[in-house]
Amino acid sequence: MNLKYQYRYITSLLKRYGFRGLVFKTLERSRSPMLSYAKSYRRYLPAEEELAQQRNTDFSYAPLISIVVPAYETPETYLRELLDTVLGQSYQNLELCIADGSTTDRVERAAAEYGAKDSRIRYRRLTKNGGISENTNCGFAMAEGEYIVLMDHDDLLTKNALYEMVSCLNSAYSEEERGMALIYSDEDKINRDGTVHSRPHFKPDYNREFLRRNNYFCHLLMVSASLLEKAGGLKKEYDGAQDYDFVLRCVDAGAIVRHIPKILYHWRIHEGSTAGNSENKAYAFDNGCLAIEAHLKRNKEPGKAEVTENLGVYHVVYELKGAYELTVVAENKEQLALIRNYYQKQKSKDKAYCLKIHYLFANAFHNGIEKECFGDYILYIREDVSVRPENLIETFLGTCQHNSVGIVGAKLLTPKKRVSSCGIIYNEAGDLVFANEGIYREFKGYFLHAVIPQNVSAIPLGCVMLKRAAFVQAEGLEETMMGIFRDADFCFRLADLGYDTVVMPEITAIWHEKKTEKERTGLSWERQKKLFTNRWEKKLALPDSCYNPNLSTKARHTYMMKK
């Protein structure tokens with residue numbers, strides 16, 4: 001990339017983050033364990049022997065896949081590489097639909113050359129350049145396949161991309177479900193000439209709260225033609241965020257979402273691409289806010305979305321309306337008094353909501369405590385946790401009020417302001433590890449997982465708000481377990497009842513950890529783990545849906561590539 005581009009890029013970062021923020025951003029990136037991906041990326045791609053086996057696979061369900069590419073003055077080198085990567089797929093029942101809005105004939109010439117040799121290439125010269133949304137919709141109209149794959153005109157597919165999509169259709173969907181299929185994969189970035197692979201994005205499975213803050217589905221994305229028809233095509237009024245609006249409408253239309261935890265897409269970084277410089281499409285982010293707010297309105301969970309310094313990632317404030325009654329339970333009298341004093345000074349005048357708050361000091365959060373609480377929600381703060389009261393209840397309540405949510409919790413920090421926990425991750429061995437543990441408070445984490453609210457499998461019950469009814473339905477806490485195992489067990493039982501667990505890094509609390517696990521429980525770690533793994537053997541056998549199986553589940557090494 002040229003010096004002029006680099007100067008503009010650095011200047012834009014200074015404007016967004018400030019000097020201190022840019023220092024921490026640079027420091028975090030320089031320490032990223034993903035820097036080694038450039039040397040190890042081949043381990044995530046199929047070997048030739050595997051591709052040969054894929055070419056000979058006879059699927060019981062082998063639909064036609066339409067790859068839709070909206071083209072506009074695509075550089076010839078990029079276009080030829082795209083054509084080669086599509087035609088070289090190990091799954092061959094495909095068509096490539098190129099909707100060309102160019103004013104020159106550069107795209108048409110290359111398409112004609114390849115099309116003369118392969119009838120699967122379909123090309124249409126558009127009468128005008130209607131922009132990304134209208135051009136893509138023209139590509140949709142060309143498609144004859146049962147499934148549609150979206151691809152940018154300067155990016156590449158891995159050779160096994162469509163094979164993995166069709167394999168997922170065969171293994172993860174019933175015949176009745178396939179008509180509502182939406183499948184996305186992991187991806188990485190490549191440089192201008194495709195010689196360097198970097199920034200692999202190993203994604204979680206469908207994660208409702210995470211998706212509401214950023215379009216992490218991104219690439220590679222495949223939807224059924226019937227889902228496309230039900231959700232509708234791309235909308236021009238969301239140009240720049242048209243793909244984000246589209247996936248949100250697909251989800252709202254009843255999409256059955258599956259995730260393939262494999263790198264199937266290479267997103268090219270160059271001066272004109274969003275991957276290279278998000279500020280090239282600054283208008284997109286306002287449209288992203290509109291897309292989120294429309295989605296929230298469709299789900300009858302209204303709220304406001306705001307652009308953040310992390311372009312493409314949004315801050316969502318859910319609307320509070322009406323009367324809310326809750327009880328604050330704290331094991332520390334000073335903490336309880338701090339929250340009481342703050343909220344007693346707050347005035348509800350001119351607000352669309354009002355809070356009726358009760359306060360309860362308790363030596364421990366125990367079964368039966370719900371009988372001492374009033375209202376629909378319980379805000380619980382453990383003895384060795386301290387939190388600032390400003391906007392605490394409102395932030396938690398915004399998410400916890402949703403029917404799908406059973407419990408929300410804060411990001412916990414150590415007294416030295418390192419991350420202690422941003423949720424709990426599990427593996428098949430029954431190990432429970434704290435997400436993002438050990439990173440600096442100022443760090444944002446891998447693809448911002450340390451700062452974006454998201455669904456998690458479990459959270460430590462340090463500073464949490466839960467639905468009182470959900471606590472009763474789950475029959476309280478498991479008294480044979482304590483500590484992290486008790487907390488995870490409770491969240492797992494909430495999940496079995498259909499409730500989500502959400503971590504909200506917007507709220508941070510200090511976890512002083514005055515007592516060790518053994519001091520709190522009187523039981524050995526090994527005995528706790530055995531009780532937990534025996535109960536949840538079947539669940540633990542499945543990967544953590546809120547985490548990616550390519551990432552480490554070693555304590556203090558989360559969001560690093562698994563060795």
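**Exercise 1. Start with Cys97: is this residue buried or exposed, and how far is its sulfur from the closest cysteine sulfur?**

Cys97 is buried, at a relative accessible area of 0%. (Buried means under 20% relative accessible area, exposed over 50%, and partly exposed in between, with a 1.4 Å probe and protein chains only.) Next, the distance: the closest cysteine sulfur belongs to Cys138 and is 12 Å away, too far for a bond. Cys218 is in no disulfide either, with the nearest cysteine sulfur, in Cys250, 14 Å away. Cys218 also counts as buried, at 16% relative accessibility. Finally, searching the whole structure turns up zero disulfides, a disulfide being a pair of cysteine sulfur atoms within 2.5 Å.

A word on the ground rules: this is a predicted model, where local features need pLDDT of at least 70 and side-chain atom pairs count only at pLDDT 80 or more, while totals for chains, interfaces and linings use all residues. Numbering runs from 1 along each chain as its sequence is written, and side-chain values use heavy atoms, leaving out hydrogens and water.

**Exercise 2. Work out which residues of helix H5 are buried, and what covers them.**

H5 spans residues 106-115, and its buried residues are Val107, Ala110, Ala111 and Tyr114. (Helices, H or I with at least four residues, and strands, E with at least two, are DSSP runs numbered from the N terminus.) Looking down the axis of H5, these buried residues fall within an arc of 100°, so they line one face of the helix; the arc is that of the directions from the helix axis to the C-beta atoms.

**Exercise 3. Check the backbone at Leu220, Lys300 and Leu448.**

Most residues other than glycine have a negative phi, and most peptide bonds are trans. Now the peptide bond from His219 to Leu220: it is cis, with omega near -10°. Leu220 lies in the loop between helix H8 (208-211) and strand S8 (221-224). Lys300 has a positive phi, near 55°, and is exposed at 72% relative accessibility. Leu448 also has a positive phi, about 65°, but counts as buried at 17%.

**Exercise 4. Which strands pair with S6, and in what sense?**

S6 covers residues 181-190, and ten of its ten residues are buried. Strands pair if DSSP finds at least two bridges between them.

- S9 (residues 256-268) runs parallel to S6, with nine bridges; Lys189 stands opposite Trp267.
- S8 is antiparallel to S6, with three bridges; Leu182 partners Val223.
- S7 (residues 197-201) is antiparallel to S6 over three bridges; Ile190 partners His197.

Terms used. Contact = heavy atoms within 4.5 Å.
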